[in-house]
Amino acid sequence: MKYHFLDQYREVDSFIHRLDPRAKFLSTLALVTAIVLVPRASWLAYALFFILVAALLTVSRVPPFYVLKRSLVVLPFVLMITIFIPFFKEGAPVWSLHLGAWHISVMREGLLRVAGIFCKAWLSVLSLILLTATTSMADLLKGLEKLRMPAIMVMLLSFMYRYLFVISDEAEHLSLARNSRSFGGGVGLQVRTLGYMAGALFLRSYERGERIYGAMLSRGFDGHSRSLNELSLETSDIVFVVIMILAAAAIGLSPLYARMWIG
Amino acid sequence: MAEVIAINNLSFSYPDGQPALRGINLRIDEGETVALMGPNGAGKSTLLLHLNGLLHSHDGTVRVLGRVVDKDNLKAVRCQVGLVFQNPDDQLFSPTVFDDVAFGPLNLGMSPDEVRSAVCRALEAVGMAGYEKRSPHHLSLGEKRRIAIATVLAMSPRLLVLDEPTSNLDPRSQGMLIDFLIGWAGGGNTLIFSTQDLDLVEELAGRVVVLGTDHSVVADGRPEEFLSDADFLVRTNLIHEHAHRHKSLVHRHQHAHEHQHES
């Protein structure tokens, strides 16, 4: 089975694709930090961030529809976290319900806060999609390693990327094997079968882990991760990082000047 | 001829008490091409794992190139014994083919230039030059097998040890693999492989070692001595015999144990 959902557009060539993964990672980090730290309800700043990310996405030639589709995946999770905020935030009620002794109100401040969180989450995800869609996982891992991320974490990510698909194939085989022998049965039986499958998958992964470790030992692995330094930081990479950090900071601080300017 | 492997009275049981090897004595000299045969569960893979110290038994000794395999020389032994696992998904654990083939040379402490040329040579030797940037989970089983061999070739081992190298391969991939192995053995190199495939043995092996269901060596000699002895082959479960009925005529005949999986 072929999967490509993580870095499907890494083969597209653009200025963004050619940047060093370290430059892209640091820029994304700066951008996401600024997005998260910008004061609540700074709608102008959100708009500016959106323009910046959208411009970069356009330059990177990643299809906009793909980006949009991928970015929506995260919103249900945000909704789950924020769903109760409008009911608890103090402020002016925009809608209330009285059920005997119960009073339920939706507050304007709460709704605004939810909208703000949605904007921030969506903008952050867009920035991350820009990073992952334009960088192959192998390059990204090399970049992280060169940025002194602990080797064990880089290895964990690398194994996860490599075996995600192997394990999902295995899960698919297990469920095919179940479906070919399963003829209904109660919910209890189905849940139990699912439990067995999860257990089988865990055991297989555990055993595979041991075999992989054996293969690593066979090739002289001694606990130290080694790799070739194939990345080279060009002037354009450094210029890009500097511009991105300045732009992120400028937009992040824009609500402050707006206040000074107006007030 | 110089001794490459000397196994002296080796017995091994898995931690759960299940015996896997019993009183194995085996000496393999430089330049020999040895096929390890035997039914499922006879201990073929277990024996191969002992050759580079991935498994270690306190009962009996394994000597590789004159050195008894123990904790202090594991790394040196593993560099000289190129062990290729049956499932290439266990052997290829890196995000790209290049990284995988470079893993061994990097652990040997080669310089970046040496690593690059070792990777290049190894991939060329198995006919996979140009696959450096590909990621292993997008390759066919035949391609993965050849790259798995390249990962150990890059370390310039003194002998190659392969676990079921042709199992599950389509005929063309099998042919390419066998051609490579013939080339390797033809260069005077030592080759040890486990297999169920009598055709492969006939084509490649200068010597056959048969493990029996009692986990000991039941036969050891030149392939010509066994391959014509149908009774022996049936007895040791290398081929099997079953009855056919053609109209009223019942006759028995033997089948080589050869598995061709459609994929």
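Which residues have the most contacts inside the largest nonpolar core? They are Val101(B), Ala150(B) and Val161(B), and that core has 79 residues. Before going on, the conventions. This is a predicted model, in which local features need pLDDT of at least 70 and side-chain atom pairs count only at pLDDT 80 or more, while totals for chains, interfaces and linings use all residues. Residues are numbered from 1 along each chain as its sequence is written, with chains lettered from A and ligands numbered from 1 in the order in which they are written.

By nonpolar core I mean a set of buried Ala, Val, Leu, Ile, Met, Phe, Trp, Tyr and Cys residues joined through C-beta atoms within 7 Å. Buried means that 20 or more other C-beta atoms lie within 10 Å of the residue's own, exposed means 12 or fewer, and partly exposed is in between, with C-beta atoms placed from the backbone.

Take Val101(B). Leaving aside residues up to four places away in sequence, Val101(B) touches Val119(B), Ala122(B), Leu123(B), Ile147(B), Ala150(B), Thr151(B) and Ala154(B). A contact here is two C-beta atoms, placed from the backbone, within 7 Å. There is also a second, separate core of 32 residues, and Leu31(A), Cys119(A), Leu126(A) and Leu131(A) are among them.

Next, chain A as a whole. Its secondary structure comes to eleven helices and two strands; these are DSSP runs numbered from the N terminus, H or I of at least four residues for helices and E of at least two for strands. Of the 263 residues of chain A, 26% count as buried. The C-alpha trace of chain A spans about 70 × 65 × 35 Å along its principal axes.

The strands of chain A are β1 (residues 93–99) and β2 (residues 102–107), antiparallel and joined by six bridges; pairing requires at least two DSSP bridges. His98(A) sits opposite His103(A) in β2(A). The hairpin has two residues between its strands, and Gly100(A) takes a positive phi near 60 degrees.
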